[in-house]
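The following exercises are to be worked with the sequence and the model at hand. Each task is followed by a solution in steps.

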Amino acid sequence: MVTAIENNTKLVDAVTGATPLGVIKEGLQYGETMTEISSKIPSTIEMLFGFTGGSLGEMSAIALLLGGLYLIIRKVITWHIPVTLLASMAVITGVFWLINAEQYANPIIHLLSGGAILGAFYMATDLVTSPMTKKGMIIFAIGIGLITVLIRLFGAYPEGISFAILIMNAFVPLINKYFKPRRFGNKIKSKIV
């Protein structure tokens with residue numbers, strides 16, 4: 001049976017509402033479990049293919065992933081930041097989910113909702129504000145993943161990727177200082193024995 005609201009939304013161009021992360025955050029604040037909240041948020045397939053409303057990064061995870069893969073293949077970006085960022089988010093949220101699945105969303109929801117994929121492939125990989133070395137990129141990405149999860153789970157906002165990127169951008173000069181790339185034009189001094 002189709003309700004009147006569902007029937008009327010087929011006639012409009014846009015409908016506003018909370019994003020999946022917002023629904024989860026609000027539901028948990030009011031004492032609901034993830035089992036109860038899961039009926040209110042889109043399924044994994046809907047989030048993957050963009051059959052749901054949401055912010056720019058939530059519209060179609062598969063399209064964002066394909067675009068990111070294209071950038072990696074074309075060597076516009078390297079895989080270090082996006083893969084490490086998403087993996088660190090998955091591991092950290094996975095630990096919380098394994099500890100208490102009724103209090104924390106599963107890692108797939110965290111990766112597909114919000115701006116995680118958009119931030120990982122298109123914002124954090126900015127050539128000007130990201131570290132120069134591969135080790136630096138990995139540390140940078142782990143920091144972004146950790147801060148994002150902390151903001152999502154314990155902060156006031158349901159989303160945290162933008163804040164996390166800005167915070168870690170402030171640490172890029174320090175990361176570059178301790179993980180310096182080899183200078184061009186310098187000869188390696190060899191020992192004469």
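**Exercise 1.** Determine in which helix Tyr178 is found, and decide whether Tyr178 is buried or exposed.

*Solution.* Step one: Tyr178 is found in helix α10, residues 161-178; helices (H or I, at least four residues) and strands (E, at least two) are DSSP runs numbered from the N terminus. The model is predicted: local features need pLDDT of at least 70, side-chain atom pairs count only at pLDDT 80 or more, and totals for chains, interfaces and linings use all residues. Residues are numbered from 1 along each chain as its sequence is written, and side-chain values use heavy atoms, with hydrogens and water left out.

Step two: buried means under 20% relative accessible area, exposed over 50%, and partly exposed in between (1.4 Å probe, protein chains only). Tyr178 has 61% relative accessibility and therefore counts as exposed.

Step three: Tyr178 contributes to a nonpolar surface patch of about 650 Å², together with Tyr157, Phe163, Ile167, Phe171 and Leu174. Patches are made of residues with over 30% relative accessible area and no salt bridge; like charges are joined within 9 Å and nonpolar side chains (Val, Leu, Ile, Met, Phe, Trp, Tyr) within 5 Å.

**Exercise 2.** State which residues the UniProt annotation "transmembrane region" covers, and describe the span 161-179.

*Solution.* Step one: in the unreviewed UniProt entry, this annotation covers residues 48-72, 79-99, 105-124, 136-155 and 161-179. UniProt positions are given in the numbering used here, feature names are shortened, and annotations may be inferred rather than shown by experiment. Step two: residues 161-179 are 95% helix and 0% strand, with end C-alpha atoms 24 Å apart. Step three: for residues 105-124 the end C-alpha atoms also lie 24 Å apart, and the span is 70% helix and 0% strand.

**Exercise 3.** Find how many salt bridges a search of the whole structure gives.

*Solution.* Step one: a salt bridge is a side-chain nitrogen of Lys or Arg within 4 Å of a carboxyl oxygen of Asp or Glu. Step two: the search finds 2 salt bridges. Step three: Lys40 pairs with Glu32, the closest N and O atoms being 2.7 Å apart; Glu32, at 22% relative accessibility, counts as partly exposed. Step four: Glu159 pairs with Arg152, the closest N and O atoms being 3.1 Å apart. Glu159 counts as partly exposed at 22% relative accessibility, whereas Arg152 is buried at 4%.

**Exercise 4.** Explain why the ring pair of Phe96 and Tyr104 is classed as it is.

*Solution.* Step one: rings of Phe, Tyr and Trp (its six-membered ring) pair if their centres lie within 6.5 Å; planes under 30 degrees apart count as stacked, over 60 as edge-to-face and the rest as tilted. Step two: this rule gives 4 aromatic pairs. Step three: the centres of Phe96 and Tyr104 are 5.1 Å apart and their planes lie at 55 degrees, so the pair is tilted. Step four: ring pairs link Phe96, Tyr104 and Phe154 into a cluster, and Tyr104 is buried at 17% relative accessibility.

Conventions. Areas by Shrake-Rupley, 256 points an atom, 1.4 Å probe, with all protein chains shown as cover.
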